[in-house]
Each structure stands twice: as structure tokens, then as C-alpha cells.
Amino acid sequence: MSLKGNGGNAKASEDDFHDRALEKFDRGRFMDDTEPEPDTWGKIAKKWPKVTFCIVGNEFCERFSFYGIKTILALYVVNILKQTQDQSVIATHAFISFAYFTPILGSVLADGYIGKFWTILSISILYAAGNVVLSISSTFDKGASVHPYMDIAGLIMIALGTGGIKPCVSSFGADQFPPNYTKMISIFFSVFYFSINAGSTLSMAITPQVRVMPCLNHDSCYPLAFGIPAVFMLASTGVFIAGSFYYKKVPPKENVIAKVLKAICKAVYNKITKSVKRDHWMDHYLDGHECAKDQQCLALAVKGKHVGQKCAQQKFADDCKSLVRVAVMMLPMIIFWACYDQQSTRWIFQACEMDTLLWKGFALPPEQMAIFNAILILLFIPIFQGVVYPVVEKFGIRTTPLRRMTAGGFLASITFVVSAFVQLRVNQTLPDIPADNTAFVSIINMFPNCNVNVSSDDMSRTVLSNTSLIDDKVLEKQQLFRLTVGNKKSVPFTFVYYGPECFGYDNKDYMKNFDLKGGKTYYIATTPQGLIMDSSILTKPQEGERQSSVNLNLLLPCASVPPNASMWDKICNETENPMQTTYSSKIAACEFDAKDPHCDGRKRLFSVWDSGDATPMSLPDGTNTTATIYAHQDIMPGLYQMFYINYKHDLGDRSPARDDMNAFLIPDVYLNVTGEGGVYAFTMGLDAKVYSTSAKNIFYLHTVVPRNHVSVLWQVPQYVLITAAEIMFSITGLEFSYSQAAPSLKSVVTAMFLLTVAFGDLLIIVLDLIIRMNNQAIIYFIYAGLMFVIMIIFVALSVFYYDYVDFSKDVDEDKTAQGTDTVSYDYCDDEQCTKL
């Protein structure tokens, strides 16, 4: 390598001076980085750049916005967009993954093109617009044509926004200080990261509570739950703009991320296409390099060295080698984030199947359990730094980053073992799903004073009056008929009645065939008015609002319906036999009021069944009548009275006020729903074969799937464990990767760290598409096993592959050409570096 003239040398010096001058120039004055840093709180307050409070406020509002949306998104996808839990898992983690891929775009835009200020400002406007779009979309009815397209558009804009500004805001805040004000910069970062946790914690405390509030005539309030984050994001943008004229705006420089990618691609290409042998594949980056033609190599010559004595590109290649080694050690973070981010989906759905009532009158929304992580992270950081690590060190065990990460990784594996055992407890309230060739059948006895013995396929069950056959693992009951039916089979059932009031059914045995399909669960209700059968829905409610699911079996004939109510029912109006035909229009369950029975949809205890389907009902004497079966409707726990209702005008899916409907009480019928998460069949009939003015209404609530028994507080241990794992694995992992990266590539390492989150959520999607099973406990065990295996590999890499490096030895020599960051770890001694 030879020097060809001094022109390039002089040009390098001129450019270097120009860049340094721009960095120091701020609002018409030069910032003196040789001025001593203030050393008292009074002086610090006086010298503190007040404009940084705009940046801190911006971050607080942005974190409130992002976590508010992230916290409730999984339930929104299920309940408003009407997707399954698996589809919600995919959608939610696709959003999170995209949000952590986009920081690369923000970094490239800020470093290579328009600078941090304009990147933050322009992308914040896009971010705020996305919030507004999502909020507006949530105001439309569930079946509106804008879903899911408008929601997807809003989420894409939000993901671009949060990711685009993520790599810029904290460093832009640090740019407001003179470079030598290291203590003040450290204080700024402490305040900055406190604002992050404060914003996210406050959001997770407020947003779920807002979601479960009735508003805009809806049972839940997603528009306000999304609207509040939107307001915060608009405020965030406004606060940032407020400081526009006072910011120090460092112009964009070289895009380091692009430079690293180009260098790696060039090295791989040269290794494949050229025959030159190198000790390391990354050294092929230097193929064809000449120091005399490289500006950075010439800059080193300005500092008193001969051209070629110190090669800047060789140093860069060596830095890239170190980066690759750090990247290999960061790979287990992908699995960790795949476990950690289950808090946003599967752990929420697990909480939906638990008892969320903490004490009378206060329930914790399922998604709000994540607030434990936000609070514990604030508590655990000083505890681990000030207590746990020093205590371990006193026992002679050095808490090196890799050792901390190892402990955190294994703890994450244990966390999912714990969550799997919690799920096994939860599974006790979940129904058994019949095999494809098997049908389950329950019997409901509606007779007030008559027992019945039912037999089929060599099995016999006695069902006492006003009871039913149930399966309940908590109560250790397994009473349903389990019949082998293949794909479909007509199965005979024999009913033998006995007791004081059997309405003549006890005169002889009664046999009837029922068509049963494999893989389904049924119930047969025997009533004074005859027999009806229907298949059972086994899915628990997913609203996350302490609801249960109830379907109605109405056996009350049109003759028993008040004339003013029967007139709005088409079937009752057109039938020629009101004694054998049942009402089929709207029925409402309304909050019990002994003094003034009425319906008001604005109250919390209100639910409507819109219309039912006529179902044949047979009597032993061969008489055929009809019953009306209404589909399942989610309903809050409480005591209800039942009403025939009719809306005075179209309300969409909004809840009606008292004046919006006509309502007639169904006398002597009460629906009492206790707990949450149960699935029930509620049957209303007469205590007579046929209607007469002396007949009384009777009712029975049959349990198809028992209510949730396991308290949601059983999730607290897994949140404690995953938070401790986060401290040791994630936070230490960022610390490790940052300290082990070359000074010139620390921004690249930060981008790589964010990418591990993105790939972790992408891995969740891939595994969800591969692992198709209903038992969530098995899925948790799979994640626990995967994390355990990865940590075994991580330990092996720590022992046999990785050595700590110390960049402080040559940073003084290279800081002008390569950067000024001197942060490093002292895990190396004069002879060798510590492993693990």
C-alpha cells in the first residue's frame, strides 16, 4: 500500500473538523465540551438542558400509548374482530414482531438521511395517526365492514411509529448535553427509563379497567380504551414539537448498520468467489483494500502514523468479528422473548379461564395481571443490584454477565413449568372433549316432584327431580353418558318415571331414539311438556369481563305469553295452535328488582337473546309440540328476572335504554348466575302437560361446563419468576452485548437486541402454526423444554466458545477515528479472559 499525494489527507482533516464543529454548534453558539461538568445539584439544575423534559414527556406518553394498545389487543382481536384464540395469538405477536423489526428502519433513516429530530417528528405523526385510526375503527359495530381492514391499517401505522422512533429518542436526549457531562447524561438516562416504566405501568393500570366499563351503549369500552392511548400519543407528539426550536440537532452521519451489512455481504461474497485464503471469513472484507485510497486510513495517518501502519478497515473487520461472536451469544434471547411475550396473549387467555374476583365488588381484568411484571421490574432492579448479586459474590461466585444470563434462562424455563402446572389446575374446570366416535349425553330432569331413571347402551342413570347429570372434575363427578356412536348413530333411551307428581308419565316406560354424532356433547331435557334435545357448546366466554355463557330452552307456549308481547312475535301471530307453539322473539335477562321489575340495557346486569329456533318436542302419548332454543349469550354473574322484550327502533349491537324497548315480565322465573366462566343451559317451562291459567312456570339452570374455580392470583408466582428471569437474562443480556461490542458498533448491537424481540415473537407465530392442540399446559411444557435445551447449548457456548474482550486498552488510540464510547467490562486479566 502506498500514499498517492496529500489531497485526500487534507480533505479528511477538513471534513473531520467540519463534523466536530457541527456537533458542538447549538442555536447560534458553540457548546464547549471542555467546560467542567457541574458537580453540585444546584449547578446541575442550572446547567440542565430544559428541553430534555420535552423528550422525557414524549417518551412517557409514547410508552403509555404502546402498552395500552398491546395490553388489550389480544382480547380485542377475539371479541371485536371475532377471531379464535390461536388467530389472536398470531395477530398480536405479528404486531409486536413488526414493531421490533421497524427500529432498523428508524435507525437507517436517522443515521443516514434526515437525522434523529426529523425522524422522531415525522414518524410520531404517523404513530399518532395510527392510534386515531384504530380508535375510530373500534367505535364501529362488531360486524361492520371496516373490520378488520381499518384495524390492520391502524396497527401497521402504530408498529411503524413505535419502532421507528425507538432507536432515536434516548440518544437524541443525550445529544442535548455536552459530551463530557457524563454524570448528567447518566442522570438523564435514569429519568428517561423511569418515564418508560412509569408510562407503561400507568397504562396497564388504567387501560384494562377502562376496557371493562360500559360506554357508547356497549358492554365494553374498546373505543375509550384505545382512545386514551391515542390522546397520549397526540400529546406526546405535541410535547416533542414544543421543544423544536431549542433542540441540539446533530446532522446525520454514516449509517453504521448499513456499513456492517455491506461489510459482511462483501466478506461472504469474496470468500465464495475469490481463491485468497484468510484466517477468518470476515477478513475477506479486506480483499482489494488499499489504505492509500481509504479516507479513514488516511485520517489515522494525520495522527502521526504512516499510511498502512494502522489500517482502519482491518480494525473494522476485527470489530465485525467480535460483533458476530456477540450475535451468536444473543441467539438464545430469541427463545427467551418467545417465552416472555406470552404475557401478551396466552397468559391473558389463561387468566380468562380463572376466577378474577379478588374481593367482593372488585375483579382484576385478565390482561391487567401483566402490571405485576411492570411493578416488580421496578422493585427487583435495585434488589438484584444491591442485594442478590453482592450476596452471591460474598460466597466467592463471580456474577459475570454470562452466569447471570444462564441463571435467568433456566429460571425462565422453570417459569413455564410453573405456568403449566397452573394450567393443569385450570383444566379441571374445562370440559372433556369427546373423541370423534363418541358422544356425551346429559339428562336434565325438570319435574318438580318426579324422579326418572334413564338407560341406554347398558348404562343407567337415576336423575332426581330438579337435577341434572354433570361432569365436574373439581367435584369429582363424571355422570354423563359416554356412548360409542361412530360418525352418527340413532341411540335409544328408556325413561322410567317415579314419584308423587309425574303427570301420568309413571304409567309405563317410555323409549325414544335420538340421533347422535361423534365428537359432540348433548343434553336431553325431560319436562312435564315432553322431551327436547340439543347439542352443548363447550367454549367458555372470552370477553375477559367475568361472564358466563347461557343458552335458553323456552317451553312456554304462545298461549302463556301476554297478548301485547305475542303480537310482535311472528310465530305466535300466525299459529293456529298457540297451546303447542312457543314464542321465538327477543328475551332479556334483566337485573333483579323486587319493587319495580324492569329492563334497562345501560345497567351492567343485562343480556338479550335475539331469536330462537323452533325444535320438535315429543310427549309419551305421541303428541308433538315445539320448543324454542336460543343460542348461547354471555352474561355477567348476578340474579336476573326474565322478560319478553321488543326494541322500538334499530339499535345495532348497542345496549338499549329503558325507554328504547317494550318489556313484559315472565313471572316466577329467576336466573341466578354465580362465578364466571361457566357454560349453562337455562330451561323455562310449565309444571303441567298443557297450558292452563293455573299452571305455574318452572325453570332449571343446567351446568354444561363448571365455572372458573382457580383464583387468578395463582398467576402471581409465574409473573414473579419471569420478572426475575428478565432481570438476569434480558437486562444483563443487553448489558453484556453492549459492553462486548466494539465502540464503533454499539448502535448495531442495540439494533440486534431489538431484533431478538422481533424474532422471538415471530417464533411464537411459527410454533403456534406447528403446535395445534387444545391443552395449553402441554404448550407451556414445550416452551419450558425448549428454553431448557437452549440454555444447555448456551452454557456450552459460554464455556467453549466465548471469551470476554476488553476494548478499553486501545480505545484512547482510536477514539477519534472509531468513536468515543469507552464503556467496557473488566472480566479480563493480563493472562486470559474469564469464561462464563
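The chain splits into domain 1 (43-253), domain 2 (330-430 + 712-812), domain 3 (432-528) and domain 4 (539-705). Keep in mind that this is a predicted model.

**Domain 1 against domain 2**

- Taken over C-alpha atoms, the centres of domain 1 and domain 2 sit 23 Å apart.
- Domain 1 puts 30 residues into the contact, and domain 2 puts in 33 residues.
- About 2800 Å² is buried between domain 1 and domain 2, with 70% of that area coming from carbon and sulfur atoms.

**Polar links across the two domains**

- There are 8 residue pairs in polar contact between domain 1 and domain 2, both partners at pLDDT 80 or more.
- The salt bridge count between domain 1 and domain 2 is 3.
- Asp86 and Arg772 pair up through their side chains in a salt bridge, at 3.1 Å from N to O.

**Ser135**

- Ser135 belongs to helix α5, which covers residues 103-138.
- Ser135 counts as buried because its relative accessibility is 10%, and the cut-off for buried is under 20%.
- The Ser135 side chain gets to the backbone oxygen of Asn131 at 2.8 Å.
- Beyond its neighbours within four places in sequence, Ser135 is in contact with Pro223, Phe226, Gly227 and Ala230.

Terms used. Residues numbered from 1 in each chain as written. Heavy atoms only, no water. Helix = DSSP H or I, 4+ residues; strand = E, 2+ residues; numbered from the N terminus. Buried < 20%, exposed > 50% of the residue type's maximum accessible area, 1.4 Å probe, protein only. Polar contact = N/O pair within 3.5 Å; in protein donor to acceptor, adjacent residues only side chain to side chain. Contact = heavy atoms within 4.5 Å. Domains from an automatic or database assignment. Buried area = accessible area lost by both parts, 1.4 Å probe. Salt bridge = Lys/Arg side-chain N within 4 Å of Asp/Glu carboxyl O.
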